[in-house]
Amino acid sequence: PGGRLSLRTALIGLWARGSLVDTSAVRFGWDGTTRPSPNGRGEIGFFPSDSDSRTTLYRYRIASAFRASSAHTINLSGIIDRTAFRPSNPIANEFAGRNVADFPGDQSSAVVGISHEWRPLGERFIAVTGARGYAYSASGTPSALFNLTTVDPERGESQAGEAGASLALRYRLGDGVLAKAAIENARRLPSSAELFGDGLLVQASPSLQPERAVNLTLGAQLDQRFGGRRIQAEVSGFYQEIRNLIRLGVGVGGSASHTNLGAARIAGVEAEVQGDVTSWLFARAYGTFLDARDVLETQPGTSTPNPTNGLRIPNLPYLIGGLQAEGYRDGLLGRRSRAKVFYEGQYTGEYFYAFEVSQRQERRIPRAITHTVGAEVAWLDTGLTLSAEVQNLTDATVLNQFNLPLPGRVARRKLRYTLVGSR
């Protein structure tokens, strides 16, 4: 009554279909060299492929808020998911002489939450306390790709019921300046992609457990105008203790699968500043330092000391940053046109793709610096946008987190036409 109660609800359906056709008799290297496929057919993976993987997702969401008074608001929310994964790859199965790909998976999950917003000083101070419940069930078949004696692998199941709580505080120090803090005992449920893979290269991991984390965040934010120019800045520090951290690891022959890492501690700081340098120039700078370490004291199920305890978690950059700049000009190429030129530089510090068990270890991914430049013109009356950009302008050598090469200099052009909506 009186507009104090609000309710929003939505039902979402998603049907996705993916296919990988790979029947090449040779494999191509990044330098253009070729060599015969190890098994006679297939450029990637172990077998040729003509896959047809289908995913069906249904999601129901509900959110309600009741404003009891100017100082108190109660929020309720819920999300229910149901996912079915149905892969098919007859060519791979025929070539292998057994089922190596057609392993269906099913997942159901529900997350419900309640929170209380308290505003004793109006918008100057806000405290939000909350609690969440998690229910999760998954079933699927682990891949038998590397077990040549297994014809019909046993189907695996995973179930969990969890609860979490949180407290978030925000205090406005002045006009456009605020401080914030939050502590949370949270859970993250595995996604369908992590559980069931893609039916070929990413193997199924139906026994994954939800991540359990204690998160602490402290930060400050600035949003001010100086002479008509808006400047925004934010800095925050974070600390996490995570159990069952879900990570994607590379296996044999380019295959990969998700696994639970026993225990990890993640701490770091991130900062960002952006704003109008002039009436036509916008700039943004950001940076993150991340220290993620394995803190599992003993190997699972034993009293044997964990040799990687205290070491940095591999395949995870711990120093990244960037700089962006955009220049605008209206009416340059006609009435109601907007032209833009932009630049983005990105930096990633050196890190490891395996645990650094020795200072002489050479499994390091080198520092990378890349530059991207581009231009875009939009004709607002027609909905037409033309853009072009060059990524990795200096053709620098860049490796991904698994020490695999990424493309060098790339030129892209794009023409976009907006039929409906905002122009």
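Gly-113 has Arg-132, in S9, as its bridge partner. This is a predicted model. Arg-132 also belongs to the group of residues nearest the centre of the largest pocket. That pocket has a volume of about 730 Å³.

**Strand pairing**

- S8 (105-118) and S9 (125-140) run antiparallel and are joined by 13 bridges.
- The two strands S8 and S9 form a hairpin, with six residues between them.
- Gly-122 sits in the turn of this hairpin and has a positive phi of about 70 degrees.
- S8 also pairs with S7, again in the antiparallel sense, over 14 bridges.
- Within the S7 and S8 pairing, Thr-83 stands opposite Gln-107 in S8.
- In a regular strand, side chains alternate between the two faces of the sheet.

**The largest pocket**

- The lining of the largest pocket comprises 41 residues.
- Nearest its centre lie Arg-61, Ser-77, Ile-79, Val-111 and Arg-132.
- Seven strands are involved: S1 (5-18), S6 (53-67), S7 (72-86), S8 (105-118), S9 (125-140), S10 (156-174) and S11 (177-188) each supply at least two lining residues.
- By class, the lining holds 16 nonpolar, 17 polar and eight charged residues.

**Nonpolar cores**

- The largest nonpolar core has eleven residues: Phe-85, Val-111, Tyr-134, Tyr-136, Ala-138, Ala-160, Leu-189, Leu-195, Phe-196, Leu-208 and Ile-246.
- S9 and helix H2 (192-196) each supply at least two residues of this core.
- S9 gives the most to this core, with three residues.
- Leu-189, a member of this core, touches Ser-109, Val-111, Tyr-134, Ala-135, Tyr-136 and Pro-210, not counting residues up to four places away in sequence.
- Another core, of ten residues, lies apart from the largest one. Among its members are Phe-238, Ala-264, Ile-266 and Ala-292.

**A buried loop residue**

- Asn-306 is found in the loop between strand S16 (281-294) and strand S17 (319-330).
- Asn-306 counts as buried because its relative accessible area is 12%, and buried means under 20%.
- Beyond its neighbours within four places in sequence, Asn-306 is in contact with Asp-294, Leu-296, Glu-297, Thr-298 and Gln-299.

Definitions and conventions. Residues numbered from 1 in each chain as written. Predicted model: local features only at pLDDT ≥ 70, side-chain atom pairs only at ≥ 80, totals over all residues. Heavy atoms only, no water. 1 Å grid on protein atoms, 1.4 Å probe; cavity = no way out; pocket = protein on both sides within 12 Å on 5 of 7 lines; lining within 4 Å. Points joined across faces, edges and corners; volume = space filled by probe spheres on them. Helix = DSSP H or I, 4+ residues; strand = E, 2+ residues; numbered from the N terminus. Nonpolar A, V, L, I, M, F, W, Y, C, P; charged D, E, K, R; others polar. Buried < 20%, exposed > 50% of the residue type's maximum accessible area, 1.4 Å probe, protein only. Contact = heavy atoms within 4.5 Å. Core = buried A, V, L, I, M, F, W, Y, C linked by side-chain atoms within 4.5 Å. Pairing = 2+ DSSP bridges.
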